[in-house]
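Start with the view below, then read the points by topic.

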Amino acid sequence: QLPLAGSRLCLYEDGTELTESYFRALPPQTELVLLGPGESWRGCASDIERLLAAFCSQQGAVVEAARRLLTDERAPHRQKLLADLIHNLNENILAEDKEDDKKWFEGLESRFKNKSSYLRHSCESRMRGYMREVSGFISNVHPAARDAYRGIIDLMADKLKSVKYNGCYFDRREEEEAARLCTAEGWFSCQGPFDRNDCPCKHSINPYSNRESRILFSTWNLDHIIEKKRAVVPELAEAVKTRDGREVNWEYFYQLLFTLDNLKLVHIACHKKTNHNLSCDKTRIYRKRKQTYEIS
């Protein structure tokens, strides 16, 4: 139905025009676009350009149009593009309270009335879990040092309670405290394996956006750079055992266990579970004694 003169065959993916020799070299099942005179094709992104043009003023219409396209779509790559588009356009990032985004709270206990309260609770649960691991290690501590170890656990527990188990890191209303980990809008970026500067895949997520992102965020890990089980807790136990009258610098161990000084938020694929081969700073394990001077 198209005139031979002026018609062209292009790659669906990027709009590259095909010559006869290029056509013969293509692998089977390559998607192509047949263009008539005056028509153009700039690649698969053209499929959603018309939807994005209406995004600012007609978000609902964009989502519905994308859903209609997805219903008839068979190409896997285009299916993924449309599904991702629908997912992103359904975000309700700015909504905080339950009545403004009821779908986000589906499956959660009724006591959570806003998004920050649930994410604070999740963070607090992780910190409590770390505290239980430190407490549970007491059976490995030398019997003569267990009372001193319990004393340090009590100090750490009191400090954690005083800062509400660091739940402020996940509270959008505590922007100053949370700024080290995320922006006010709630975006979190994967900080990558402990021995690299950046996440190689540029993972990012906003758990405030929709229910799916909230669930997915629960699979992200807080990774101890100096490892909790292999290094920090055993070093603390050893420090208590061999203190020989010295005062253990428990606040240094607290920082390694419970704060962003030694914790990095990472996507599950970037969580390096092998030995990090890092140890505690030996110069910070004990408090330095204050020197006194006699005035003659």
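Axes are lines fitted to C-alpha atoms, for helices over the stretch in contact, and angles run from 0 to 180 degrees between N-to-C directions. Helices (H or I, at least four residues) and strands (E, at least two) are DSSP runs, numbered from the N terminus. This is a predicted model: local features need pLDDT of at least 70, side-chain atom pairs count only at pLDDT 80 or more, and totals for chains, interfaces and linings use all residues. Residues are numbered from 1 along each chain as its sequence is written, and side-chain values use heavy atoms, with hydrogens and water left out.

**Overall**

- The chain holds 10 helices and 6 strands.
- Of its 296 residues, 41% count as buried (under 20% relative accessible area; exposed is over 50%, partly exposed in between; 1.4 Å probe, protein chains only).
- Contact means heavy atoms within 4.5 Å. Take the contacts between residues at least 6 apart in sequence: 64% of them join residues at least 24 apart.

**H5 against H9**

- Two packed helices are described by the angle between their axes and the distance between the axes.
- Helix H5 (residues 115-136) and helix H9 (residues 228-241) have axes that come within 10 Å and cross at roughly 55°. That makes H5 oblique to H9 (angles under 35 degrees count as roughly parallel, over 145 as roughly antiparallel, 65 to 115 as roughly perpendicular and the rest as oblique).
- H5 contributes Tyr130, Glu133 and Val134, which meet Lys228, Lys229, Val233 and Leu236 of H9.
- By class, this contact of H5 with H9 has 4 nonpolar, no polar and 3 charged residues. Ala, Val, Leu, Ile, Met, Phe, Trp, Tyr, Cys and Pro count as nonpolar, Asp, Glu, Lys and Arg as charged, and the others, Gly among them, as polar.

**H9 itself**

- H9 has 14 residues and reaches 18 Å from its first C-alpha to its last. That is close to the 20 Å expected at 1.5 Å a residue (1.5 Å times one less than the number of residues).
- Buried residues of H9 include Lys228, Ala231, Val233, Leu236 and Val240.
- The buried residues of H9 pack against H5, helix H6 (146-162), strand E5 (221-224) and helix H10 (250-258).

**H5 against H6**

- The axes of H5 and H6 come within 10 Å and cross at roughly 170°. H5 and H6 are therefore roughly antiparallel.
- Met127, Met131, Val134 and Ser135 of H5 make the contact with Tyr149, Ile153, Met156, Ala157 and Leu160 of H6.
- The contact of H5 with H6 divides into 8 nonpolar, 1 polar and no charged residues.

**Single residues**

- Arg68 is in helix H3 (residues 59-72). Arg68 counts as exposed, at 51% relative accessibility.
- Arg68 and Leu82 are 14 residues apart in sequence and 9.9 Å apart in space, C-alpha to C-alpha.
- Asp101 sits in the loop between helix H4 (76-89) and H5. At 11% relative accessibility, Asp101 is buried.
- Beyond residues up to four places away in sequence, Asp101 touches Asn92, Ala95, Lys115 and Ser209.
- Ile205 belongs to strand E4 (residues 204-205). Ile205 is buried, at 6% relative accessibility.
- Neighbours within four places aside, the contacts of Ile205 include Trp187, Phe188, Leu216, Phe217 and Trp220.
- Ile205 and His267 lie 62 residues apart in sequence and 9.3 Å apart in space, C-alpha to C-alpha.
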